[in-house]
Amino acid sequence: MTAAVALRRLARPRRAWFVAAVLGAGLLAWPLLRGRDTLPLGGAELAGAHRFLNGAFEAVDASRNSNPVFLYGFNYLRLLLDTSTTFVQGLISQPAYGRPAPVLGWLGVTALATAVAWLAGNLRVALLACLGFVSFGLLGLWTEAMDTLALTLTAVFYSLLAGIPIGVAAGLRERVHRAITPVLDFMQTMPTFVYLAPLTLVFLIGPASATIATMIYAVPPVIRLTAHGIREIRPAALESGISLGATPAQLLTKVRLPLALPMIVVGINQTLMAALAMVTVAALIDAPGLGESVLQALESLDVGTAAAAGLAIVIMAVVLDRTTTAASVRRPRRRPWWLVTAVLAAAGIGAYLSFIYVWASTFPQAANFGPYVRRAVDAADAWLLDSAGGVTDLVRDRMTAWLLNPFQTLLTDAPWWWIATVAVAVALFGLGVRAAVLVGAGVAGLLVLGLWQDSMVTLAATVVATALTALVGVVAGVWMGRSSRADGTIRPVLDAAQTLPPFVYLVPVVGLFGATRFTGILAAVIFAIPVTTKLVAEGIRGVRASAVEASGAAGATAWQTIIKVQLPLARASVTLAVGQGLIYVLSMVVVGGLVGAGALGYQVVAGFSQHELRGKGLAAGLAIVVLGIVLDRIMRAAASRAGAQRA
Amino acid sequence: MLDVDGLWKVFGPRAAAQVGTELSSAELKRRTGCVAAVRDVSFTVAPGEVFVVMGLSGSGKSTLVRCLTRLIEPTAGTVRLDGEDLGTASPARLRELRRHRMAMVFQQFGLLPHRSVLDNVAFGLEIRGTARAERHDHARQVIELVGLSGFEESLPEQLSGGMQQRVGLARALAVDPEVMLFDEPFSALDPLIRREMQNEVIRLHRVVGKTMVFITHDLNEALRLGDRILLMRDGAAVQLGTPDEVVGAPADDHVRDFVADVPREQVLTLRWIMRPAGPSDALDGPSLPPETVIRDAVHTVLSADRPVRVESDGSLLGVVTAAEVLETIA
Ligand SMILES: Nc1ncnc2c1ncn2[C@@H]1O[C@H](COP(=O)(O)OP(=O)(O)OP(=O)(O)O)[C@@H](O)[C@H]1O
Ligand SMILES: [Mg+2]
């Protein structure tokens with residue numbers, strides 16, 4: 001208490017001095033303490049916590065067929081989701097119902113997709129859908145693409161089934177809205193890989209876990225936007241309904257839902273894109289489809305195959321995104337009934353043909369250009385690496401040697417108690433008692449989880465990646481915030497990048513830099529840059545024009561205006577932007593683990609595949625959460641501090 | 001037909017406790033955080049009457065008219081429709097009344113953008129459960145009545161503001177209500193269109209003869225349309241009277257200022273300017289009834305060389321000469 005008061009009395013410059021002094025003393029002490037109490041843990045070694053978790057896993061396994069919660073709850077849910085997924089797969093991707101092929105072959109699916117795109121959107125997206133679906137066959141990835149589509153559609157179906165009613169309830173009742181908002185925030189900020197392990201524990205490895213993981217990640221947007229759409233309805237429309245004597249149910253079905261529909265469709269779009277991203281990532285827990293192809297290819301560093309599958313994912317994302325976007329901006333306009341009938345009939349004929357005939361069912365082998373694509377990519381990759389004259393290697397090695405290694409060594413080679421002391425002290429002097437307590441709790445959490453050194457490696461990578469993200473994000477964001485032309489050019493690129501599943505980013509990075517720690521970091525940076533840049537740009541644009549004008553009028557150069565006016569005034573949103581970047585970086589940590597980033601990410605992945613490492617994998621996931629929570633809270637505290645100083 | 005008695009609407013915390021307050025708006029807001037949007041308003045609307053409520057922005061007109069159908073729940077007071085107390089009506093009964101007996105036209109139109117004009121107009125019938133063919137038939141007739149034939153399949157956004165409000169009007173008319181409530185229906189329209197729409201309401205009133213409660217902040221609109229006018233200020237009724245009463249005998253200085261710019265000869269009747277006949281007045285001039293608007297009497301009065309007699313049922317009420325007329329016009 002008295003400490004807190006004393007701290008508050010410290011003037012700000014003094015605080016900065018204290019922080020600098022702590023850091024300086026720490027650095028001076030480091031060489032003396034190097035190598036002591038670093039808590040390393042070998043790849044196959046288990047700590048106490050891991051054995052405990054393994055035991056817990058086994059206990060759950062053992063009770064799966066006896067515990068009533070499983071017998072009457074989870075198992076039915078699993079059965080339902082497994083059956084649903086298998087059903088959709090039987091329709092479009094896998095042989096089923098005693099047939100050698102799925103019910104609908106490539107012609108039928110393509111025809112239906114084209115018809116749906118036309119009905120929901122317009123001719124352009126219909127054409128896009130047609131070409132997109134055919135390209136899956138041309139890439140030789142028809143079955144994989146359909147598996148991904150089947151999983152995505154199943155997850156989206158259940159997400160909408162749950163999400164739209166919840167969204168409506170939240171739109172109608174402020175109490176519901178207030179209750180679910182923090183839950184949704186939590187669902188969206190939690191790194192996705194973390195809940196994969198617990199899910200497989202409850203629902204086993206298989207479609208059910210993949211579907212639920214996907215839903216957790218994908219359901220928040222549709223809930224939020226449905227609620228938003230319902231809340232934003234102009235009161236005049238509602239009043240006119242009430243004044244004509246509409247019952248609450250009539251008001252909902254005839255006024256609220258139709259008026260909120262465009263917003264709900266935007267939500268469906270975002271949910272669909274999130275589901276697609278997550279379904280590819282669910283390859284980590286054996287979900288079939290394009291994600292699995294990318295994953296396997298990356299594990300064997302087969303860039304060509306990974307690129308082909310990655311390209312198919314991009315095409316799928318673009319088709320789904322364009323179609324639902326077109327649907328959300330479509331004006332209600334009647335089409336002639338005969339045209340609609342004709343299109344539906346054509347799609348029906350396509351579907352029928354693909355049900356009966358082999359040529360319309362299985363994509364013709366002669367038109368499989370997959371091998372050529374793969375070889376072409378491999379050749380291009382080799383040529384690029386050759387002719388780039390080792391530039392990529394140079395970049396990688398220099399960055400690793402000068403930036404990553406020193407920082408990582410600093411953290412991994414130091415005694416844990418040294419790091420704990422310095423971190424708590426810095427938090428205490430920099431941000432106050434609560435931050436210090438939080439950091440202390442985080443350190444304790446990491447120690448209990450038994451993965452101290454791995455956590456430090458991941459922390460180093462995360463900090464470096466976040467710093468790079470912040471650097472690029474702030475530069476690009478300031479540029480966008482100041483020039484609407486730059487905004488117009490960059491924003492579409494960022495938007496497009498954000499709709500892509502994270503796996504896709506890895507492919508070109510691996511192609512250029514091989515499988516190293518740096519690759520993981522770079523992929524994370526690329527993944528996190530869009531959100532950071534957009535938030536910075538928003539903050540810069542939010543700075544009052546009068547302040548900028550005044551500074552210009554006072555004779556400041558553009559540089560001075562940025563440094564002395566715009567960035568300081570936008571400090572809170574810049575900090576927020578970096579915080580978001582951090583969350584994104586952390587959620588890429590596991591994916592990075594696949595391509596040589598090692599540490600916690602690798603442990604998580606290993607936990608999925610190796611039985612005796614399950615507990616360790618879960619612990620690694622929890623360690624990522626601990627890192628995430630601590631770093632995120634600290635960023636927030638810094639942001640609110642920045643905001644408070646401005647006020 | 002429509003009886004309003006002691007109506008109060010207070011927004012804010014512990015609203016019911018503020019009913020009957022004597023505090024001014026500013027004082028009330030400061031002390032209790034409440035806004036008394038309607039204060040103790042009472043009036044009766046006769047069948048077939050056009051009853052205009054007028055006042056400046058924020059005077060509580062919208063709140064008042066919404067209390068009449070309980071779109072806003074009154075804090076105190078009663079509203080009766082043909083003797084039936086709306087305040088105690090069950091939700092089902094209230095819906096019944098709204099579906100069949102009262103309909104409202106809104107300033108912001110309140111059209112449903114995803115529905116065609118036809119389906120917007122048929123909306124009230126749809127809610128009642130009228131079959132599709134029947135409600136479309138009926139809606140077409142009403143659309144013709146408001147002069148929108150040919151636009152049945154258009155979407156609201158494809159129409160001009162005036163046309164959109166005709167749709168709003170048609171939607172209210174389609175349910176064939178006994179009372180029509182208008183909340184500043186023409187404020188969002190530009191002056192020419194507004195005039196045209198006022199004529200439309202006057203015409204419709206002649207055709208269908210509905211009872212109308214019409215809210216406006218436009219004095220000229222009030223004077224043109226209203227059989228009687230209720231003037232509101234800060235939620236309270238300031239004056240209730242016919243247009244010529246409001247202009248000829250303003251209840252207070254505020255109303256006087258308000259009506260100062262009105263062309264009096266267009267509103268006042270001879271009743272307001274006649275004087276008792278004196279012994280020197282020759283009583284063999286032309287004769288006019290007291291309800292004659294001055295503008296219509298100018299020619300007769302100025303061209304006669306003796307005072308014009310103002311007579312009702314053969315009894316002499318007073319006389320008017322050029323002097324009185326000129327004083328009004330000047
Ligand atoms: N829901 C509400 N909550 C709190 N105060 C309200 C609410 N609705 C209206 N008021 C207040 O009641 C007063 C009267 O509002 P009302 O909308 O009835 O005025 P009006 O005469 O219709 O004005 P205008 O001509 O601008 O439409 C205003 O002071 C307004 O701020
Ligand atoms: Mg109003």
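The model is predicted: local features need pLDDT of at least 70, side-chain atom pairs count only at pLDDT 80 or more, and totals for chains, interfaces and linings use all residues. Residues are numbered from 1 along each chain as its sequence is written, chains are lettered from A and ligands numbered from 1 in the order in which they are written, and side-chain values use heavy atoms, with hydrogens and water left out.

**Stop 1: the interface of chain A and chain B**

Display both chains and select the residues in contact, where contact means heavy atoms within 4.5 Å. Chain A contributes 21 residues and chain B contributes 25 residues. About 2000 Å² is buried between chain A and chain B, and carbon and sulfur atoms give 60% of that area. Buried area here is the accessible area (1.4 Å probe) that two parts lose on being put together, summed over both. Next, pick A:Ser243, A:Leu244 and A:Lys254, which supply 31% of the area that chain A buries against chain B, more than any other three residues.

Now show the side chains of A:Glu239 and B:Arg66, which form a salt bridge with an N to O distance of 2.4 Å.

Which elements give two or more residues to the side of chain A that touches chain B? They are helix H11 (235-243) and helix H12 (248-281) of chain A. H11(A) gives the most, with seven residues. Helices (H or I, at least four residues) and strands (E, at least two) are DSSP runs, numbered from the N terminus.

**Stop 2: ligand 1**

Select ligand 1 and the residues that have a heavy atom within 4 Å of it. This shell includes B:Phe11, B:Val35, B:Lys61, B:Ser62, B:Thr63 and B:Glu184. A polar side-chain atom of B:Thr63 is 2.5 Å from a ligand oxygen; for B:Ser62 the distance from a side-chain N or O atom to a ligand oxygen is 2.6 Å, and for B:Glu184 it is 2.8 Å. On its own, ligand 1 has 640 Å² of accessible area, of which the protein covers 59%. Strand E2 (35-45) and helix H2 (61-68) of chain B each give two or more residues to the shell, and H2(B) gives the most, with three residues.

**Stop 3: positive phi values**

Stay on B:Glu184, in the loop between strand E7 (179-183) and helix H8 (191-208) of chain B. Its phi is near 40 degrees, a positive value in a residue other than glycine. Most residues other than glycine have a negative phi. Then go to A:Asp286, between H12 and helix H13 (290-299) of chain A, where phi is also positive, about 75 degrees.

**Stop 4: A:Arg99**

Finally, centre on A:Arg99, in the loop between helix H4 (68-92) and helix H5 (106-120) of chain A. A polar atom of the A:Arg99 side chain lies 3.2 Å from the backbone oxygen of A:Pro102. Leaving aside neighbours within four places in sequence, A:Arg99 is in contact with A:Ser354 and A:Phe355.

Notes:
A salt bridge is a side-chain nitrogen of Lys or Arg within 4 Å of a carboxyl oxygen of Asp or Glu. A polar contact is a pair of N or O atoms within 3.5 Å; within protein, one must be able to donate a hydrogen and the other to accept it, and residues adjacent in sequence count only if both atoms are side-chain atoms. Accessible areas come from the Shrake-Rupley method with a 1.4 Å probe; for residues, only the protein chains shown count as cover.
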